Amino acid sequence: MRSLLFFTLLLCSALAQGQQPVLAGNLSSVGSDTLGYLMTLWGEDFSQRSPGVNVQVQAAGSSTAPTALAAGAAQLGAMSRPMQSDERQLFIARYGYPPLAVPVAMDALVVVVNQANPLSQISQPQLDALFSITRLCGAHRVPQTWGDLGASQRPWATRTIQRFGRNSASGTWGFFKQQALCKGDFRADVAEFPGSAAVVQAVASTPQSIGYASFGFHLSGVKVLPIVTAQGDSVLPDEASIRSGRYPWARPLYIYVNKAPDKPLPPLVAAFLEQALSPQGQRRVAEAGYVPLSDRQMAQARAALTGNPVVLIP
């Protein structure tokens with residue numbers, strides 16, 4: 001125990017002085033597809049600075065992170081949503097305390113249509129009626145054509161709508177279900193894809209389609225629709241609206257870790273998180289298409305490293 005504490009103190013001292021301590025071992029990340037590319041970038045930077053560390057990234061979906069973290073199969077659990085109660089309980093049952101959530105970037109759930117689509121905006125009730133069988137957000141009927149959504153130009157007015165989305169292992173799927181569908185159930189005819197990039201690519205190649213994805217996946221061939229809020233404002237997701245919380249479906253991206261109360265983080269995990277929250281790490285966030293943490297959010301994220309509960313505020 002004393003040796004671990006001493007090593008961690010050396011690590012913190014070296015990081016504070018801008019030095020990279022000598023680290024070695026394996027570091028495994030399991031979880032979010034949304035965070036997959038960013039975790040890979042951070043892993044490459046980390047291994048470049050610490051050649052003795054082998055960083056492995058698996059990005060099959062946020063729902064895979066809690067199980068891997070609880071089983072000790074991964075030190076980093078990347079998630080695009082908060083852990084659910086049953087997922088936390090799985091971890092608590094083994095270790096006696098909850099996992100630690102560290103926010104590392106800001107993202108948003110965005111709605112995309114083909115670039116040829118004339119639709120200029122969409123409301124939450126319309127979106128819920130399109131994707132949900134339960135329609136808990138208040139819509140009375142299901143749009144069948146693009147004309148039903150306001151695209152009156154021919155031939156769009158009579159074109160049927162094709163729906164694309166994520167699979168149930170995805171945190172983006174869960175976030176969309178909770179936020180956009182008012183916790184309702186998906187329609188059976190929503191085509192599911194394992195990643196946001198696949199959703200966007202499918203929309204780009206299918207003119208009559210609509211899909212939802214992570215803000216970080218900006219590809220040619222699609223356009224992002226502004227969301228009409230309950231107050232009647234049409235809000236386009238961009239850095240300002242995501243940071244301020246004005247865009248309704250902004251969300252933090254998390255790395256969950258195993259941190260016992262009153263004990264320091266394992267050295268490799270502490271060093272990786274320090275890098276992710278460093279200026280270089282946050283530049284990687286922007287390069288990956290996401291929104292870096294604001295100064296206030298960064299202060300909250302660093303507070304999380306001490307084990308304090310964090311509710312990320314825009």
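**Figure 1. Phe217 is a buried residue of this predicted model.** The relative accessible area of Phe217 is 19%, and because buried means under 20%, this residue is counted as buried. Phe217 belongs to the loop between strand 8 (209-214) and strand 9 (222-224). Apart from its neighbours within four places in sequence, Phe217 is in contact with Asp33, Thr34, Ser196, Ala197, Val200 and Tyr290. Pro125 lies 92 residues from Phe217 along the chain, and the C-alpha atoms of these two residues are separated by 24 Å.

**Figure 2. Helix 3 packs against helix 4.** The view shows helix 3 (residues 64-71) and helix 4 (residues 85-95), whose axes are 9 Å apart and form an angle of about 0°. The two helices are therefore roughly parallel to each other. On the side of helix 3, the residues that meet helix 4 are Pro66, Thr67, Leu69, Ala70 and Ala71. Helix 4 contributes Glu87, Leu90, Phe91, Arg94 and Tyr95. Sorted by class, this contact has seven nonpolar residues, one polar residue and two charged residues.

**Figure 3. Trp146 and Trp156 form an edge-to-face aromatic pair.** A search of the whole structure finds 15 aromatic pairs. In the pair of Trp146 and Trp156, the ring centres are 6.4 Å apart and the planes are at 80° to each other. Both residues lie in the loop between helix 5 (124-131) and strand 6 (162-166), so the pair ties together parts that are 10 residues apart in sequence. Trp146 is buried, with a relative accessible area of 0%, and Trp156 also counts as buried, at 8%.

**Figure 4. Tyr254 and Tyr256 form a tilted pair.** The ring centres of Tyr254 and Tyr256 are 5.9 Å apart, and their planes meet at 50°, so the pair is classed as tilted. Tyr254 and Tyr256 are both buried. Elsewhere, ring pairs join Phe131, Trp173, Phe176, Phe186 and Tyr212 into a cluster.

**Figure 5. Helix 9 is mostly covered.** Helix 9 spans residues 267-276, and nine of its 10 residues are buried. The buried residues are Pro267, Leu268, Val269, Ala270, Ala271, Phe272, Leu273, Gln275 and Ala276. According to UniProt, an unreviewed entry places the feature "domain: PBP" at residues 24-278. Over residues 24-278, the chain is 30% helix and 25% strand, with the end C-alpha atoms 20 Å apart.

Figure 6. Most residues other than glycine have a negative phi, and most peptide bonds are trans. Pro155 is located in the loop between helix 5 and strand 6. Lys183 is placed in the loop between helix 6 (171-179) and strand 7 (191-193) and counts as exposed, at 59% relative accessibility.

Key
Residues numbered from 1 in each chain as written. Predicted model: local features only at pLDDT ≥ 70, side-chain atom pairs only at ≥ 80, totals over all residues. Heavy atoms only, no water. Axes fitted to C-alpha atoms, helices over the stretch in contact; angles between N-to-C directions. Helix = DSSP H or I, 4+ residues; strand = E, 2+ residues; numbered from the N terminus. Parallel < 35°, antiparallel > 145°, perpendicular 65-115°, else oblique. Contact = heavy atoms within 4.5 Å. Nonpolar A, V, L, I, M, F, W, Y, C, P; charged D, E, K, R; others polar. UniProt positions renumbered as here; feature names shortened; annotations may be inferred. Phe/Tyr/Trp six-rings, centres within 6.5 Å; stacked < 30°, edge-to-face > 60°. Buried < 20%, exposed > 50% of the residue type's maximum accessible area, 1.4 Å probe, protein only.
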